[in-house]
Amino acid sequence: MITSFVEKSSINGEIIEISDKVEINHMKNSFRLQLGDRLRVVDGEFEYITEIIEITKKEILCKIVEKREDEFSTGVEIHGGLGLLKNDKMELVIQKLVEIGISKIIPIEMERTVVKIKEKKDKWNTIVKESLKQCQAVKLTEIDEVKKLKEIPYEEYDLVLVPYENEEDIKISQVIRVNEKLGKVLFIVGSEGGISEKEIEYLKSRGAKIVTLGKRILRAETASIVVGGILANEI
């Protein structure tokens with residue numbers, strides 16, 4: 001079933017109004033939706049099964065048939081700290097972490113970051129919405145403002161994980177086993193140049209657990225997706 005995302009302000013009683021021009025164009029011209037068709041709508045909290053009751057150039061009105069609780073989000077809140085990557089790589093990682101179920105993405109300006117980005121891009125939020133619709137999720141993944149490592153509130157997390165190529169022994173599964181009842185977890189992956197030794201030492205001082213992802217050296221985007229997938233399925 002096709003999914004549309006709306007703000008809560010678009011829901012009035014049993015009626016949901018879709019007024020975004022791009023969304024309307026997709027519904028009418030790409031998906032060829034008509035009166036009486038079913039449409040899945042999410043608002044970041046609930047899932048609604050609806051029936052289209054009106055289609056115009058400026059809006060699509062849907063009547064709620066069924067309201068459902070969110071059954072697609074993980075029980076543990078997982079945040080991903082990403083060293084800033086070049087445009088296409090950053091967009092790929094955001095897309096995949098949304099599909100996996102990561103709650104929040106924190107873009108990080110690190111010592112070896114190549115690209116110069118001082119604030120988050122509007123396009124990243126668009127990617128989040130499109131990925132949410134594709135994977136049938138309900139809650140939007142939040143994209144935080146660009147931060148430096150020292151600006152991250154590590155004390156808010158029950159566990160902070162950092163994959164590092166020079167760590168050979170400690171695996172993510174081992175750390176998870178000795179940390180029960182996790183409510184909020186953060187993982188941090190470096191940018192294209194990796195994480196420096198100085199940054200690793202700082203992260204250790206903030207209580208981070210340094211882990212290995214195996215013997216192979218993974219690209220930053222691959223490592224981010226691997227860690228996110230492991231956490232989403234193991235905790």
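Which residues does E221 touch, not counting residues up to four places away in sequence? I looked this up and found L85, K89 and V93, where a contact means heavy atoms within 4.5 Å.

I note that I am reading a predicted model, in which local features need pLDDT of at least 70 and side-chain atom pairs count only at pLDDT 80 or more, while totals for chains, interfaces and linings use all residues. Residues are numbered from 1 along each chain as its sequence is written, and side-chain values use heavy atoms, with hydrogens and water left out.

**Entry: E221.** I placed E221 in helix α6, residues 220-234; helices (H or I, at least four residues) and strands (E, at least two) are DSSP runs numbered from the N terminus. E221 is buried yet has no salt bridge, and the nearest side chain of opposite charge, K89, is 4.3 Å away. For the record, buried means under 20% relative accessible area, exposed over 50% and partly exposed in between, with a 1.4 Å probe and protein chains only. A salt bridge needs a side-chain nitrogen of Lys or Arg within 4 Å of a carboxyl oxygen of Asp or Glu. For charge, Lys and Arg count as positive and Asp and Glu as negative, with His and the chain ends not counted.

**Entry: salt bridges.** I found 15 salt bridges in the structure. In one of them the side chains of E91 and K123 meet at 3.5 Å, N to O. E91 lies in helix α2 (residues 87-100) and K123 in helix α3 (residues 122-135), so the pair ties together parts that are 32 residues apart in sequence. E91 is buried at 18% relative accessible area, whereas K123 counts as partly exposed at 48%.

I then looked at K184 and E156, whose closest N and O atoms are 3.3 Å apart in a salt bridge. This pair links distant parts of the chain, with K184 in strand β12 (residues 184-189) and E156 in the loop between β10 (147-148) and β11 (159-163), 28 residues apart. E156 counts as partly exposed, at 43% relative accessibility. I also noted that R40, E47, E66 and R68 are linked in a network of salt bridges.

**Entry: largest pocket.** I read about 570 Å³ of space in the largest pocket. Of the 30 residues that line this pocket, the closest to its centre are P163, Y164, E165, I217 and L218. A pocket here is an open set of points on a 1 Å grid over the protein atoms alone, where a 1.4 Å probe fits, with protein on both sides within 12 Å along at least five of seven lines, and lining residues have an atom within 4 Å of a point. Helix α6 gives the largest share of the lining, three residues. By class, I listed ten nonpolar, eight polar and twelve charged residues in the lining.

**Entry: positive phi.** I found that R32 has a positive phi of about 55° although it is not a glycine; R32 sits in the loop between α1 (21-30) and β4 (38-42) and counts as exposed at 59% relative accessibility. Q136, also not a glycine, has a positive phi of about 65°, is found in the loop between α3 and β9 (142-143), and counts as partly exposed at 25%.

**Entry: whole protein.** I counted six helices and 13 strands, and buried residues make up 46% of the 235 residues.

Definitions and conventions
Grid points are joined across faces, edges and corners, and a volume is the space filled by probe spheres set on the points. Ala, Val, Leu, Ile, Met, Phe, Trp, Tyr, Cys and Pro count as nonpolar, Asp, Glu, Lys and Arg as charged, and the others, Gly among them, as polar.
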